[in-house]
Amino acid sequence: MKQYTRTHEWVEIRDGKAYVGISGHAAEELGEVVYVDLPETGAAVTAGEPGCELESVKAVAEVNSPASGTVAEVNEELADAPEKAGETWIFAVAPYVLQEDLMSEAEYTLFVG
Amino acid sequence: MTERTALYERHVALGGRMVEFAGYELPVQYSGILEEHRAVREAAGVFDVSHMGEFLFTGAGAEQALNALLTNDIRGMADGRVRYSLLPNEKGGAVDDVLVYRINAEKFLVVVNGANVAKDAAHVREHLSGCGFEDISRQVSQIAVQGPRSEEILSTLVTGVLPAKYYTFTERVSVAGAEALVSRTGYTGEDGFEIYCANEDIVKVYDALLETGGGRGLVPCGLGARDTLRLEAGMPLYGHELGEDIPVNEVGLDFAVKLGKEDFLGRAAIAAHAPAYERVGVRVAGRGIVREHCDIYADGEKVGVSTSGTHSPTLGCGIAMLRVKRGVAGALFADVRGRMLPLERVPLPFVGRK
């Protein structure tokens, strides 16, 4: 089940890893993503701080990691298909410690209005 | 206070994402920048550019008086011709860049950037002598129809003759029943037209274009696509490549700076200034996007800054225009948030007309 941050990322635990992506709301706001600056596997990330960057035609957006830990996997598919960044996971963290104030999908829906 | 153009309700109804630009609420995009960009390169797009300003210079002394405020030479233009010029300040920078339309020997229309209307009008009032001047920006709406199918689409709505050559115009053309001035000009690098008419007529012109153009691939386009298109076309944008403190002989627009003509405001300063910088086009050699205000390095030394940059939808890579020191021969790098992206110099425009 996905949980959400106030900065519009989601995190979902599967197979012991915390998979991270951006919400549909964030994807809509950002517009077509044309470049994903994927983190390196093995890099350390900190909850609430930027884990990678997405660039649309008009803007660059930082994806904050909802979890602290080590990047265990990155979605290489996005290197060649960056436009899918709003529809899939971007990187996964393991081992991970989730940030504390995550919202459920229902809470997030209310949050973005 | 943000204003609205006469087409505001149309933009909202068409799903435009509205932003503040040049004091107006204008759409940055409708369906998406990439799709709108592609439509203009392959078929056609229509843009609301009513934020642009229009000035009239009138009277027997108009040509001479206006020429004294411009870097380009407008003497001897034929009626119905358009000429690009810079509007220089006394120290040799640019107050604005403009298009000059010669309606007749005693009447010139000058089109200025929307964000600069008030500043330009004050500048003109301070320095103009010998002819009449009127700022008609608030009475005039403007839309641009751009792309290879523009003529085919627009001609179905026109009674009269469309301008045949680039940088010419026709007055009193009837477009969808509205009286308009139509020029063969634009800011995309494609064939196309710019249509000027009264605020109260623009909605019917716009609606007619969408209706007749819709089946021919025409889509409404926003400011986002306007910027990616002009950047691919290597066209400067005021506030980016041009500004009050950027000497006009450092911006790659020497075709529009005629030091040999009769004296004009700023001429002495321009003539006395040896160009130290130049405008250069680059593409990002790998992945990544260089936007404006990135520092540019060569051989470990800072040599300039990026003035505009984006992802080129046509080329599928990052492109940028730089202001760098003249004579720098080494490989160029852009500092993008701490990463050094390698750049490759390319001639402008990035994308030529088919």
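Modeller: Two strands pair if DSSP finds at least two bridges between them, and the strands themselves are DSSP runs (E, at least two residues), numbered, like helices (H or I, at least four residues), from the N terminus. The model is predicted, with local features needing pLDDT of at least 70 and side-chain atom pairs counted only at pLDDT 80 or more, while totals for chains, interfaces and linings use all residues. Residues are numbered from 1 along each chain as its sequence is written, and chains are lettered from A and ligands numbered from 1 in the order in which they are written.

Colleague: What makes β1 and β3 of chain B a pair?

Modeller: DSSP must find at least two bridges, and β1(B) and β3(B), residues 24–29, share 2 bridges in the parallel sense, so they meet the definition. Within this pairing, B:E3 stands opposite B:Y24 of β3(B).

Colleague: What is the strand order of the open sheet in chain B, and why do β1 and β2 of chain B stand at the edges?

Modeller: The sheet has 3 strands in the order β1-β3-β2, with mixed pairing. Since β1 (3–4) and β2 (17–21) of chain B each have a single partner strand, one side of each has no neighbour in the sheet, and so both are edge strands.

Colleague: Which helix lies across β2 and β3 of chain B, and what makes that helix mostly covered?

Modeller: The helix is α7(B), which runs at about 65 degrees to β3(B); the angle, on a scale from 0 to 180 degrees, is taken between N-to-C directions of axes fitted to C-alpha atoms, for helices over the stretch in contact. A residue is buried if 20 or more other C-beta atoms, placed from the backbone, lie within 10 Å of its own, exposed if 12 or fewer do, and partly exposed in between. By that rule 9 of the 10 residues of α7(B) are buried, among them B:L223, B:R226, B:D227 and B:E232. Just after α7(B), B:G234 takes a positive phi of about 70 degrees.

Colleague: Why is A:H8 called buried, and why is B:A22 called partly exposed?

Modeller: A:H8 has 20 C-beta neighbours inside 10 Å and so counts as buried, whereas B:A22, with 17 other C-beta atoms within 10 Å, is partly exposed. A:H8, in the loop between β1 (3–4) and β2 (9–14) of chain A, has a positive phi of about 75 degrees although it is not a glycine. B:A22, in the loop between β2 and β3 of chain B, is likewise a residue other than glycine with a positive phi, near 55 degrees.

Colleague: How do you know that A:S56 is buried, and which residues is A:S56 in contact with?

Modeller: A:S56 has 25 other C-beta atoms within 10 Å, and is therefore buried. It lies in β6 (residues 50–56) of chain A. Contact requires C-beta atoms, placed from the backbone, to lie within 7 Å; leaving aside neighbours within four places in sequence, A:S56 is in contact with A:L30, A:G31, A:E32, A:V33 and A:V34.

Colleague: How many residues does each chain give to the contact?

Modeller: Chain B gives 11 residues and chain A gives 7 residues. On the side of chain B that touches chain A, the elements giving two or more residues are α2 (33–42), α7 (223–232) and β18 (301–312) of chain B.

Methods:
Two residues are in contact if their C-beta atoms, placed from the backbone, lie within 7 Å.
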